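Let's take a walk through this structure together, one region at a time. Keep the sequence and the 3D view open as you read.

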Amino acid sequence: MKVDPNIALSDTGFLFHASTGDSFSVNPTGLRILQLVKSSKTVEEMVAVLAEEYKVDPEQAEEDLFDYLQYLRQLKILIDE
Amino acid sequence: MNDKKAYERPSIQKLNTGLMNKFGTRTEYKPLTHIDGVPVKKIVEEFDSPVFVLSEKQIRENYRRIRRSFTTRYPKVQFAWSYKTNYLNAVCRIYHQEGSWAEVVSGFEYGKALANGVPGEKIIFNGPDKSEEDLRLAVENSSLIHIDHLDELYTLKRLCENCDQKAQVAIRVNMDTGVYPQWDRFGFNYENGQAWDAINKIMASPNLQMVGLHTHIGTFMLTPSAYKVAAQKLIDLYLGIQRKFNHRLSYIDMGGGLPSPNNLKGAYLSGSDLVPPINDFAENIASALLNSEIPIDELPLLIMESGRALIDEAGYLVGSVLANKRLSNGKRATIMDFGVNILFTSFWYNHRISPAQPFSQYSEEMEVFGPLCMNIDVIRENVSLPILKKGDHVVAHMVGAYNVTQWMQFITLRPNVVLINEKGGLELIREKETLEYINSQERVPEHLVKI
């Protein structure tokens, strides 16, 4: 799993898909997860980071993470390596 | 531990610059944390979720504002509270305290009005379903019986043959006011002469006292001038009665149908942009009466039977998020603990929904579902709302009209209804249903007792 190389991601959460022309806005948690994906973290590592950095329990973080990653795949923002 | 950041569910939103989409633009910029100064959280803690909340202050303010629209334009105005819009006794009594009569459409509602202490002569009995017993009681109490069809007229004539007193009657008149659809299933038609025919039959009946004329041209009317047409047609009948029988009617009842600023499904504009001000309706009705041939000192009483316009804005439904999920096409789905079972009006309104706690500037396009295991249970098909998580509270706006009368005991039980009184106190005005209450109405045949 990696972020499509055609995607430009700003530090403020603006995301541009150069091959489709679509643009998106992500919230801070969504941005953090995309940064973690870019740094090649596993799902387990990402859950641990979220629970460490945010006021959220790991179960909730994991549930939300799975939903988010699945949707990113559907939007072709994440692709399989 | 304390320097951890606040958590918000991760969210990504596609940007559609320059184009309209079916979700519309974001509408919520501030959470609705309090209703009439009472924290929503406190209401949920005390009365559970979901819970209907009615504001006494807003009910009274709305009533006074709308009544003033008419009284500043016409000298003799009487409002009659439309029971079917919301017949919780506490609600009805607020209107009666404000001076409203009662407008009822069944024996059940008639009984409620009497039990609420409304004098019989201040109850208007409308509708196609009045039993002989209902009619007998209404005659005895000198209530204003608005005859809907000839069968009712003949029944009433027969009942009154043995009565000591005359029945106080009017007829409901339906007519073409230039709007579609024309409501012609209630009452007698003006254009084809049914109404005049019924009037003549009543005037020829010694036991029936013709006291007024009634119409109700539709619901959620957006064309104020239609009321002018309707008033002119009733005035024509009024003058016809005066000419032929030298009989002066006491009142003209223009019914209800005035809209609230709710968001109609299928409308391009929001309710606040679409709905004409009540003053426009009042102006059309009052000018038709004042400009008619009726001498100023003989003007009839103008009765209004508004329901929705008076109470819709004073009602809120507080609920909670049960779950978040994603539909097959990636669309966000939010499941609330209230559905079409109790928010019946979501079949025809896009109710505004506000979160009841602070939120970030991010929003999601979503479909909002109720809790029922039925596909029809959709509160909003497409709406852009702040990011909501399980357990968050939300408030649906403008639910005061028709919900606590048309709600269904379907799949689950009906919730508490709470009134915020003028001092900000919370009063339970209808207790939530229990399994025991529902079961107490059922009977199990002997052969089915043992399973």
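A quick word on naming before we set off: helices (H or I, at least four residues) and strands (E, at least two) are DSSP runs, numbered from the N terminus. What you're looking at is a predicted model, where local features need pLDDT of at least 70 and side-chain atom pairs count only at pLDDT 80 or more, while totals for chains, interfaces and linings use all residues. Residues are numbered from 1 along each chain as its sequence is written, chains are lettered from A and ligands numbered from 1 in the order in which they are written, and side-chain values use heavy atoms, with hydrogens and water left out.

Start in chain B, with B:Gln357 in the loop between β16 (353-355) and β17. With a relative accessible area of 18%, B:Gln357 is buried; here buried means under 20% relative accessible area, exposed means over 50%, and partly exposed is in between, with a 1.4 Å probe and protein chains only. What sits against this residue, once neighbours within four places in sequence are set aside? B:Gln357 is in contact with B:Pro31, B:Thr33, B:Asp392 and B:His393, contact being heavy atoms within 4.5 Å. The C-alpha atoms of B:Gln357 and B:Leu32 are 7.0 Å apart, although 325 residues separate the two along the chain.

Another buried spot is B:Asn62, at 8% relative accessibility. B:Asn62 belongs to helix α2 (residues 56-71) of chain B. Again leaving out neighbours within four places in sequence, B:Asn62 is in contact with B:Ala309, B:Leu310 and B:Glu313.

Now for the charged pairs. Over all chains, a search of the whole structure turns up 26 salt bridges, each one a side-chain nitrogen of Lys or Arg within 4 Å of a carboxyl oxygen of Asp or Glu. Take B:Arg9 and B:Glu364, whose closest N and O atoms are 3.1 Å apart in their salt bridge. B:Arg9 lies in the segment before β1 (12-14) of chain B and B:Glu364 in strand β17, so the pair ties together parts that are 355 residues apart in sequence. Are these two partners buried or exposed? B:Arg9 is buried at 7% relative accessible area, and B:Glu364 is buried too, at 4%. The pair also belongs to a network of salt bridges that links A:Asp67, B:Arg9, B:Arg326, B:Arg332 and B:Glu364.

Move on to helix α1 of chain B, where B:Glu46 and B:Lys42 lie four residues apart, about one turn of the helix. They form a salt bridge with the closest N and O atoms 4.0 Å apart. B:Glu46 is partly exposed at 46%, and so is B:Lys42, at 37%.

A cis peptide bond joins B:Ser49 to B:Pro50, with omega about 0°. There's a cis peptide bond between B:Tyr180 and B:Pro181 as well, with omega about -5°; B:Pro181 is in the loop between β9 (167-174) and β10 (188-189) of chain B.

Next, a helix pair. Two packed helices are described by the angle between their axes and the distance between the axes. Helix α6 (residues 150-160) and helix α7 (residues 194-203) of chain B pack at an angle of about 0°, with axes 11 Å apart. Axes are lines fitted to C-alpha atoms, for helices over the stretch in contact, and angles run from 0 to 180 degrees between N-to-C directions. That makes α6(B) roughly parallel to α7(B), as angles under 35 degrees count as roughly parallel, over 145 as roughly antiparallel, 65 to 115 as roughly perpendicular and the rest as oblique. On the α6(B) side the contact is made by B:Leu150, B:Leu153 and B:Tyr154, and on the α7(B) side by B:Ala198, B:Lys201 and B:Ile202.

Finally, hop over to chain A for some backbone. A:Ser40 has a phi near 60°, a positive value in a residue other than glycine. A:Ser40 lies in the loop between α1 (28-38) and α2 (43-53) of chain A and is exposed, with a relative accessible area of 63%. A:Lys76, not a glycine either, has a positive phi of about 65°. You'll find A:Lys76 in the loop between α3 (58-74) and β5 (78-79) of chain A, exposed at 56% relative accessibility.
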